[in-house]
Amino acid sequence: MYELGKRLTCAECGTQCLVIHPSEPGELLCCDQPMSLNEPKKLPSSD
Amino acid sequence: MNIAMLLDLPAMLAGDHVALIEGDTPLTYSQTHGHAGAVAGVLADAGVGAGDVVGYLGANHVEFVSALFGCASLGACLAALNYRSGAADVRHLIADSGAKLLLVDEAAAPSVTEVGRELGVRMIGLAELAAAVDVPLSVPDDTEDTDVAVLIYTSGTTARAKGVPLTHGALTEYVLSRTDVTDGSDAGRTLIAVPLYHIAGISSLLTALYGGRTVVLEPRFAPAEWLALAGGHRITHAFLVPTMLAKLIEAPELAGADLTALVSISYGAAPMPPALLRRIVAALPPSVGYNGAYGLSESVSTVAVLDEDDHRRFIAAASSDDAALINSVGRAVSDVRIDILDDASEPVEPNRTGQIAIVSRRNVSGYWHDRNTQPVAAQSRLVTGDLGYLDTRGYLFITGRASDMIIRGGENISPVEVENALLEDDRIADAAVLGVPDETWGEVVGAFVVLRAPGGTFTLADAAQVCSGLARFKRPERLYVVTDLPRTPTGKLLRRELPV
């Protein structure tokens with residue numbers, strides 16, 4: 001189950017996903033492997 | 001992904017958090033979402049649908065934000081137009097954009113109404129949008145990345161303003177490359193005073209809203225009001241163009257202003273003269289950090305940043321390399337590569353000057369009406385028209401515009417270098433340099449200066465003295481003392497309007 005707004009990346013092909021709907025329990029797969037959660041990215045001061 | 005998602009997601013996660021403030025009226029994310037939905041309803045009732053263009057001609061108001069997301073929700077495009085252009089330019093912007101409906105800030109732009117009537121385009125006043133009843137914003141799920149969300153116009157420093165289509169894909173990519181969605185925690189408050197018809201205004205708005213930094217809108221920049229808003233709303237972040245900062249530090253109200261919450265000022269949209277930056281750093285509280293942003297409309301906002309650490313390094317100036325950073329616009333941001341190209345369009349080695357090219361998926365594929373010819377971004381490489389070089393650490397230094405280069409008897413002279421030398425002199429408030437026709441040399445350096453003391457004297461010999469650190473052929477040979485210089489609202493110099 002993934003939290004809303006989290007991002008995931010496929011280590012194999014680089015595809016990124018953004019969670020925009022509350023998800024069901026389960027795991028997101030890409031290239032036959034689980035996608036990994038990205039590190040949180042805080043709004044930088046330059047923005 | 002549709003840009004409406006950049007409001008929808010934070011509204012789901014932090015609905016009660018304050019998203020927007022105009023005047024003394026705060027709007028939460030839920031309210032902002034509802035108001036955008038209401039405006040979408042007004043637009044739909046007026047016949048706006050997918051693929052249509054809606055023009056916005058007005059100051060920085062909440063209604064702009066609602067219209068931006070409202071249009072996105074309908075699959076329409078918001079043309080953010082410079083309402084302060086003269087009547088002829090406004091006519092060009094409306095006609096060129098193909099807007100079928102205009103949202104008009106009648107108080108700020110009375111002449112727009114006249115032009116709109118002449119062109120027979122339907123108009124809706126901002127008051128009507130403000131009165132619409134909130135409904136949740138719907139986010140379409142069939143938006144293509146290549147669909148146009150926003151149309152803005154280049155400042156037209158050398159020719160007629162050209163439309164730059166900003167796609168849903170490019171805008172969301174920019175925002176997502178900068179930040180994650182807010183989790184509802186306090187991310188500060190940003191004051192947006194740059195016009196929202198400029199890429200810096202739009203990108204600041206979208207990243208702040210998505211990242212959870214409350215946006216305070218100043219409808220139109222005025223130094224005293226900016227300082228009052230900064231103190232009253234405990235502003236933590238702000239983006240300003242160099243000419244705004246120059247006015248801010250000269251404002252008498254600065255002495256009594258409360259800037260204790262301010263942690264960061266970002267600047268960009270026009271070159272920052274090093275002499276002005278030094279004066280800004282000296283005038284504002286030492287707790288303020290600085291970020292210089294270099295970007296273009298065509299690359300959908302910032303491509304390089306000179307960050308707070310870089311600023312601290314050149315202020316400390318522990319080495320000549322650190323001190324030189326004051327002349328840099330920084331290093332490429334994470335989703336951008338910067339190439340310097342020679343005349344054959346091949347990348348050159350560090351420290352060699354050439355055309356600056358931007359490699360990024362955000363680059364637009366062409367201008368409005370000319371989107372399939374790829375005039376600006378062949379193979380995702382955008383040749384900017386700016387000249388510059390990268391040092392061995394990856395810092396970008398801009399030396400001027402290719403089209404502005406002065407050629408005196410075969411010697412190339414960058415106007416920016418001469419302008420920066422002139423601006424080091426305390427007597428000079430503003431300066432512009434361009435090539436002036438000359439029978440012997442083809443062109444010589446002509447300098448236009450605005451003096452700090454009106455009616456003061458400043459001679460060609462003074463100018464040569466001030467520029468004595470430059471090679472002799474780069475020193476001004478014609479001098480024009482003027483009362484002001486023609487600039488765009490974001491402070492870019494309009495060289496073509498200099499009266500030679």
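Ile192(B) stands opposite Leu217(B) in strand S10 of chain B, where strands are DSSP runs of E with at least two residues and helices are runs of H or I with at least four, both numbered from the N terminus. Four bridges join strand S9 (residues 189-192) of chain B to S10(B), and the two strands run parallel; two strands are taken to pair if DSSP finds at least two bridges between them. The structure is a predicted model, in which local features need pLDDT of at least 70 and side-chain atom pairs count only at pLDDT 80 or more, while totals for chains, interfaces and linings use all residues. Residues are numbered from 1 along each chain as its sequence is written, and chains are lettered from A and ligands numbered from 1 in the order in which they are written.

Strand S1 (residues 18-22) of chain B is also joined to S10(B), by three bridges and in parallel, and here Leu20(B) stands opposite Val215(B). Strand S10 (residues 214-217) of chain B is covered on both faces, with Thr214(B) and Val216(B) buried on one side and Val215(B) and Leu217(B) buried on the other. A residue is called buried if 20 or more other C-beta atoms lie within 10 Å of its own, exposed if 12 or fewer do, and partly exposed in between, with C-beta atoms placed from the backbone.

Chain B as a whole contains 15 helices and 24 strands, and 51% of its 500 residues count as buried. A compact globule of 500 residues would have a radius of gyration near 23 Å, and the 23 Å of chain B agrees with this; the radius is taken over C-alpha atoms, and the globule rule is 2.2 Å times the number of residues to the power 0.38. The C-alpha trace of chain B spans about 65 × 50 × 45 Å along its principal axes. Of the contacts in chain B between residues at least 6 apart in sequence, 68% join residues at least 24 apart, a contact being a pair of residues whose C-beta atoms, placed from the backbone, lie within 7 Å.

An open sheet of six strands in chain B has the order S6-S5-S3-S4-S7-S8, with mixed pairing. Strand S6 (122-125) and strand S8 (163-167) of chain B stand at the edges with a single partner strand each, so one side of each is left without a neighbour in the sheet. From one strand to the next the twist averages 25 degrees, where axes are lines fitted to C-alpha atoms, for helices over the stretch in contact, and angles between N-to-C directions run from 0 to 180 degrees. Within this sheet, strand S3 (residues 53-57) and strand S4 (residues 77-81) of chain B run parallel and are joined by five bridges, and Val53(B) has Cys77(B) as its bridge partner in S4(B). Helix H7 (residues 168-178) of chain B lies across S7 and S8 of chain B, at about 65 degrees to S8(B).

Val150(B) belongs to strand S7 (residues 148-153) of chain B and counts as buried because it has 26 C-beta neighbours inside 10 Å. Not counting residues up to four places away in sequence, Val150(B) touches Leu68(B), Cys77(B), Leu78(B), Ala80(B), Leu166(B), Leu171(B) and Ile202(B). Helix H1 (residues 5-13) of chain B has seven of its nine residues buried, so it is largely enclosed by the rest of the structure. The buried residues of H1(B) pack against helix H2 (29-45), helix H3 (62-74), H7 and helix H8 (199-211) of chain B.

A further open sheet, of three strands with mixed pairing, has the order S22-S23-S24 in chain B. Its edge strands are S22 (428-438) and S24 (478-482) of chain B, each of which pairs on one side only. Strand S23 (residues 442-451) of chain B runs parallel to S24(B) and is joined to it by five bridges, with Val450(B) opposite Val482(B). Helix H14 (residues 415-423) of chain B packs on this sheet, touching S22 and S23 of chain B, and its direction makes about 140 degrees with that of S22(B).

Chain A averages a pLDDT of 90, and 100% of its residues score at least 70; pLDDT is the predictor's confidence in each residue, from 0 to 100. The contact between the chains takes twelve residues from chain A and 24 residues from chain B.

Note on methods. Contact = placed C-beta atoms within 7 Å.
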